Amino acid sequence: LIAVLISAANAVTRKFFNLSSNALLELQWVLFAAIFLLSAPYALQTNAHVRIDILTNRLPARARVWIELFGTLLFLLPMTILLAVLSWPVFVSAFQSGEASS
């Protein structure tokens with residue numbers, strides 16, 4: 001709710017008063033990240049995340065486990081590694097230069 005209110009307030013002030021705030025934009029991103037990072041583990045733990053249930057519901061539990069494992073190893077793990085490898089130099093450069101938001 002807070003993220004939605006901040007987003008709406010920022011949009012209204014930008015549209016009607018021609019004012020924009022980088023602080024509000026960054027706060028939106030931080031709140032979005034917090035929402036995602038705090039809710040994703042819960043969704044995975046309780047099996048509440050989106051899946052291809054239309055196809056897998058007809059399969060036995062063992063086949064569903066293999067599909068889940070295959071999907072994680074083939075898609076999630078490589079993407080996680082790729083993001084970590086590609087973002088690390090950018091992070092180090094920004095950290096060493098003392099980059100900070102105004």
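**Close-up views of a predicted model**

**View 1. Val85 sits in helix α4.** Val85 belongs to helix α4, which covers residues 61-97; helices here are DSSP runs (H or I) of at least four residues, numbered from the N terminus. This is a predicted model, in which local features need pLDDT of at least 70, side-chain atom pairs count only at pLDDT 80 or more, and totals for chains, interfaces and linings use all residues. Residues are numbered from 1 along each chain as its sequence is written, and side-chain values use heavy atoms, leaving out hydrogens and water. Is Val85 buried or exposed? Val85 counts as exposed because its relative accessibility is 53% (buried is under 20%, exposed over 50%, partly exposed in between, with a 1.4 Å probe and protein chains only).

**View 2. A nonpolar patch lies on the surface.** Val85 is one of its members, and so are Trp66, Leu69, Leu73, Leu77, Met79, Ile81, Leu82, Leu83 and Leu86. Together they have about 1000 Å² of accessible area, found by the Shrake-Rupley method with a 1.4 Å probe, where only the protein chains shown count as cover.

**View 3. Ala9 is in helix α1.** Look for Ala9 within residues 2-17, the span of helix α1. Ala9 counts as partly exposed because its relative accessibility is 38%. Ala9 and Leu24 are 15 residues apart in sequence, and their C-alpha atoms are 8.9 Å apart in space.

Terms used: Patch = residues over 30% accessible without salt bridge, like charges linked within 9 Å, V, L, I, M, F, W, Y side chains within 5 Å. Salt bridge = Lys/Arg side-chain N within 4 Å of Asp/Glu carboxyl O. Helix = DSSP H or I, 4+ residues; strand = E, 2+ residues; numbered from the N terminus.
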